[in-house]
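Here is a friendly walk through this structure for someone meeting it for the first time. Please keep the model open beside you as you read.

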Amino acid sequence: MLRELRLIGFKNFRDATLKLGPFTAIVGANATGKSNIRDAFRFLHGISRGYGLAEIIGEKWIEGGVLQWRGIRGGTREVCFQNAPSFRLEAGFDVAGQAGRRRAHYAIEVGFEGGTHHPVVRRESLRVGGSHVFDSHPGSGDPVTQQDRPDHLLVRMHKTENQKKFGQRLDLLNFRPGLVQVAEHQKLDLRQNREDARAAVSALAAMRFLDLDPSAMRVPSIPGQTILGDRGENLSSVLQAICEDVGRKATLIEWVRELTPMDAADFEFLPDAAGRVLLTLIERSGQRISALSASDGTLRFLAMIAALLGPQAAAFYFFEEIDNGIHPARLHLLLQLIENRAATGAVQVVATTHSPDLMALLNATSLEDAALVSRAEGEQEARIRRIVEIPGAREVLRKQSLGRLHAAGWLEDAVSFAPSEAA
C-alpha cells in the first residue's frame, strides 16, 4: 500500500505531500493540479517498467511502430516548477518479502543537462524497514563524487546489518533510474539490498491508471487476456474469466443489477471467426444486449467492476474523474463497491472527482483521507491537504455534508483564508 507521495518542484507543486488511505478522493477546481498528481504516480510507475528517464517523460515505442507508453504531459519543458532545474519525487509505501511487510521510502531527483533538456538522475535513495538500501549522497562521512564520471550515478550500498557502514559501490548510468539498475544488478554482493530494491520495484509496478474509453471496451478480445487495459481493452475476456468462477459470477451479476437499470440474469461470450469474444448481457426477459449497443455508462460500470474483481486485479488504481458518465443516483453503489474492496486491503484506489454527490457519500474512513488540491488566485503554486485538516473543517462537517461544502466552494475559501504556514 502507498502511504504518501511528496512532490517537490514537480509541475505546479513547489513542495506538497499527498497522504493516502485505502480510498483517497481528490477534489479541486479545474487547473489546480489534480492531473499532475496522476503524472507523478505515472512517473514512478514508469520507473518500475524499466524505462529510461527520456522514455518516461517522453514516449516509449516498440517494434512495429506501436506506442507502449505515453509520456508525462508537457514533456521536459513543463515537468519542473516554474522552469526550475530539477524536480524531486518521494514515495512512502509497503513492501513484502521474506522479512515480512515493511515500510519503504524512495526518493529520486531528476535534473536536466544545460541547454539539452536531457533528463538525468541527480540524487536517488531507497530505505526499507528503517535501513538504507542505497544512497547516491550518503553523507559527509563518505561522499560520492561524480566529477570523474559526469554521465554516471555513483551510489553506495549500505550494509543492512550496520547502516553506518557502507558496502559495495556501484557505478550506474544516470539516464536511467538507479532503483531498477540495483534490482537487476547480477554482480551485487549484498543480496538483501538487491532483494529490497526488487520489492520496491514490484510495489511501484502494481499501479494502474484507467482512462476508460467506450470504443475500446466494445472491441472483441481473445479469451485468456485477463488484464484490463488502461482504456478498457480486453473487457470481454476479463469478464469471461470472472464468470468462470461461480461465486464471482454471481457477485458480478448482482452488481450489474444494482448499478444499471438492467435486469441482468446471465452473460454470454460468443466467439467470432478469429476466436475473439464479445460480451452480451442477457436479461431475465431473454433480451440480449451486446457490448456494441450497451450504453457508455454501462460499459464504464462493467470496466470498473472488472478492474476491482478481475483475476489479475492491480493493487493500486488511479481513476481520473471517476464520476464521469455515472448517473448521480448510482454513485452510492459504485462508491460502496470501491470502499468495500479497499477496506479488505485487496486494492487501493485514488480518484479525482468534481462531484458533490460523490463527496457527500464518503464513509467515515474515506472522509478522513479525502484531499483538496487548491491554488490561490494569481499564484502558480498548488497545495494539497487533507480536507479534515483544513482549519474549522471538522466542526463544520458536523453540521454540513462535505458535498454541500464542496458545491458551495467553502473548501477553497477556508484554505485561502488560512494562515500561510498552515496552507
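**Notes on the predicted model**

1. A search of the whole structure turns up zero disulfides, where a disulfide is a pair of cysteine sulfur atoms within 2.5 Å. In general terms, a disulfide is a covalent bond between the sulfur atoms of two cysteines.

2. A word on the ground rules. This is a predicted model, in which local features need pLDDT of at least 70 and side-chain atom pairs count only at pLDDT 80 or more, while totals for chains, interfaces and linings use all residues. Residues are numbered from 1 along each chain as its sequence is written, and side-chain values use heavy atoms, with hydrogens and water left out.

3. Start with the six-stranded sheet. Its strands form an open sheet in the order β12-β16-β17-β3-β18-β19, with mixed pairing. The edges are β12 and β19 (383–386), each of which pairs on one side only. From one strand to the next, the twist averages 20°. Helices (H or I, at least four residues) and strands (E, at least two) are DSSP runs, numbered from the N terminus, and two strands pair if DSSP finds at least two bridges between them. Angles run from 0 to 180 degrees between N-to-C directions, with axes being lines fitted to C-alpha atoms, for helices over the stretch in contact.

4. Within that sheet, look at β3 (residues 23–27) and β17 (residues 348–352): these strands run parallel and are joined by four bridges. Thr24 has Val350 in β17 as its bridge partner. As background, strands of a sheet pair through backbone hydrogen bonds, either parallel or antiparallel.

5. Now the three-stranded sheet. It is open and antiparallel, in the order β13-β14-β15. The edge strands, β13 (264–271) and β15 (288–290), each pair on one side only. Ignoring direction, neighbouring strands here are turned by 30° against each other on average. Three bridges connect β14 (residues 277–283) with β15 in the antiparallel sense, and Leu281 has Ile289 in β15 as its bridge partner. Helix α7 (residues 235–243) packs on this sheet, touching β13 and β14, and its direction makes about 60° with that of β14. Contact means heavy atoms within 4.5 Å.

6. Which residues are linked into a cluster by ring pairs? They are Phe41, Phe209, Phe316 and Phe318. The structure holds seven aromatic pairs. Rings of Phe, Tyr and Trp (its six-membered ring) pair if their centres lie within 6.5 Å; planes under 30 degrees apart count as stacked, over 60 as edge-to-face and the rest as tilted.

7. Phe41 lies in helix α1 (residues 34–48) and Phe318 in strand β16 (residues 316–319), so the pair ties together parts 277 residues apart in sequence. Phe41 and Phe318 are both buried. Because Phe209 lies in strand β12 (residues 207–210) and Phe318 in β16, parts 109 residues apart in sequence are tied together. Phe209 counts as buried at 3% relative accessibility, and Phe318 is buried with a relative accessible area of 0%.

8. Leu210 is also found in strand β12 and counts as buried at 3% relative accessibility. Leaving out residues up to four places away in sequence, Leu210 touches several residues, including Leu228, Ala307, Tyr317 and Phe318.

9. Finally, two backbone points to check. Most residues other than glycine have a negative phi. Ala31, however, has a positive phi of about 70°; Ala31 sits in the loop between β3 and α1 and counts as exposed at 59% relative accessibility. Glu321 has a positive phi of about 50°; its place is in the loop between β16 and α10 (331–343), and Glu321 is partly exposed, with a relative accessible area of 22%.

Key:
Buried < 20%, exposed > 50% of the residue type's maximum accessible area, 1.4 Å probe, protein only.
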